[in-house]
Amino acid sequence: MIKTGQSFASLAFSPDGETLASGGRLQDGTIRLWDVETGEEKLSITEGSDSADHLTFSYDGTTIASAGGFSDSNIYLWDAATGELKQTLEGKEYEGVTSIAFSRDSATLASSTEFGDSDIRLWDVETGQQKGSVTGHTSDVVALAFSPDEVTMASGSEDGSIRFWDFEEAKQEGAITGHTSGINRLAFSSDGTTLVTVNYHTVELWDAATGEFRNSAIEEGFIFRAGLSGDGDTFAISDYDESIRLLDVSTGDTKITLTGHTDSVNTVAISLDGNTVASASGPLFGDGEHSIFIWDAVAGAHMHTLSGHTGAIEVLAFSPDGNLLASGSEDTTVRLWHTAAGLQAFSFELHTDAITSLTFSADGGVLASGSRDGTVRLWNIDTAENEHTLSVDAIWPESVAFGIDDETFAAGTYENTVELWDTMTGERQAVLDGHRGSVNALAFNPVNGMLASGSDDGTVLLWDITLDTEVAVLKGDVNKDGVVDILDLVLVATRLGSTGPNTADANGDGNVNILDLVLVAGEMVVAPAAPSIHSGDMALLRPSEVKQWLEEARGLGLDDVTSLRGIRFLEGLLAVLTPRETALLPNYPNPFNPETWIPYRLAADADVQISIYDGRGVLVRQLNPGHQQAGHYIDRGRAAYWDGKNEHAETVASGVYFYQLRAADFSHMRRMVVVK
């Protein structure tokens, strides 16, 4: 055990495992090198940053790279034997370093920054000069790694993707885009057909009925603060400056730019008709002026400045007619303003902690405010009285929304749940589980009343809350876990054709058939949406199976509500299970000895062939999966398998190999490494 009074920000072992480097934080950026066997300190480095947030050894063990994160944009290269400074790699001001990595030959260092341009910079270790960069991510890069072949670099970003680069030629080789960043905003189009989602770097459009992806309407480097009009047609973005841009969601074009704030914009809201914008600015911490600007979004004119809050203003919400604006602050108050006159109407002061969310009822008569005090309060706008106080079963509510009939109220919580309440009685009706991260955004479909919830886990879930939530056990809950979900569907699918007593016989007619599948799908609480239900569950189903179920179900002429809902669910499920494009993915493990799996996706049925070549381009092995149906061939049960042997069943030698996928008119090649 190594004991020290220093607060650690980073640790790194030397390649030989004999030395441990530790970096301090919080005004003590000292780097110390320790003898792993004895626990004694070898040397210390006191120059450099106030905080050593990142440390890494070069692969030859001669150099240590350190970076100070947000506190310092420079990277320092130190002699691992003497502690002397060898080079200073000078970054741009205000761009904190997020990750650093040495190439395997120790000649190149890659670095990435936050609040920057999302580029990855490549440095010459000997000269300390930048020798190139690679561009492609749309948000901060937070992780870097080099492959053992000394050619490929992997980067992971807050944009939800992992990209692979040939850093010698400074070009991208491939990407994994299954990850998504957290959902921050949601809105349905006025006709209920389109769901608009906003995360930290894109605005995306989805089919509200099936959850099928349509397109990315807007792609930005980083969306810091955002607002959507009630119809989802207009989008407001504020980055790290004091300006606000209004964009057309359908085209991504900037309609107008609003300027006038003298401090960073903390939050933005747009009226239902898109004609009025409200924006709040001021310091997030400490003293300073906190103000709200009211803008004419058509003319781009500043109409009013609203003052009164004494803490950071975190949320804004317009009434449906746009005549009132509600604001919520760290100062624990909710204030109501007349937008036309620019005057305060009321100040609600019953909350005891910061306000996290605000929304008006559809008729504009009730304002809901969520707070970190763990409550949601419903305020009567006419009387300015607190009608109900709802205590959520979580740390606090992050998002709130009224149902289209104003009789139901939803609260998304910090602890991954959605709570449903009766607005007339103030009683909790149900708690919806399914997310694995804080629920930041809620929206009700104005046509069918379905609820969309967006979370930090990167998913949007669609909830049919018209189901009778008081029913203790639904017929579709065949696995008896208290919820009807994809696992129930899989259980029925695996027992199709069975007769007699069977837990998968949902309708109890003595046969497990398509009627049971449709019943389970019709009682599903969570609909497949964008991004879809968890990939681990989805991997248990195949598009061809779902397509066959749909054909059978449609041929039965079912017309009851549950069956029609089930068919709609299966349609959405088929859309989610079918990849949008064919792709060859990185093999795993890599490097490997002696076996590896080669995953891929097929957007359409195709004859699949995988060829493996050595470093000279000579064919080593031909894998012939044959005719494959559209779907995801990713897990070990479905991906192509190579045992590391050639066509003569001889084990291949160590080295770099290439594998190529051919499927219809698609062809792509990747690199892999055998290490013995």
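Helices (H or I, at least four residues) and strands (E, at least two) are DSSP runs, numbered from the N terminus. By that scheme, A664 sits in the loop between β52 (655-663) and β53 (666-674).

The model is predicted: local features need pLDDT of at least 70, side-chain atom pairs count only at pLDDT 80 or more, and totals for chains, interfaces and linings use all residues. Residues are numbered from 1 along each chain as its sequence is written, and side-chain values use heavy atoms, with hydrogens and water left out.

A664 has a positive phi although it is not a glycine, and A384, in the loop between β35 (375-380) and β36, is likewise a non-glycine residue with positive phi. Relative accessible area is classed as buried under 20%, exposed over 50% and partly exposed in between (1.4 Å probe, protein chains only).

| Residue | Phi | Relative accessible area |
|---|---|---|
| A384 | about 65° | 24%, partly exposed |
| A664 | about 55° | 67%, exposed |

Strand β36 (residues 385-391) contains H388. The H388 side chain reaches the backbone oxygen of T423 at 3.4 Å. Leaving aside residues up to four places away in sequence, H388 touches V376, R377, L378, T423, M424, T425 and G426, where contact means heavy atoms within 4.5 Å.

In the loop between β45 (583-584) and β46 (596-598) lies P589, joined to Y588 by a cis peptide bond with omega about -10°. P591 is also placed in the loop between β45 and β46; a cis peptide bond with omega about 5° joins N590 to P591.

Elsewhere, D488, L489, V492 and A493 in α1 meet D516, L517, V520 and A521 in α2.

Conventions:
A polar contact is a pair of N or O atoms within 3.5 Å; within protein, one must be able to donate a hydrogen and the other to accept it, and residues adjacent in sequence count only if both atoms are side-chain atoms.
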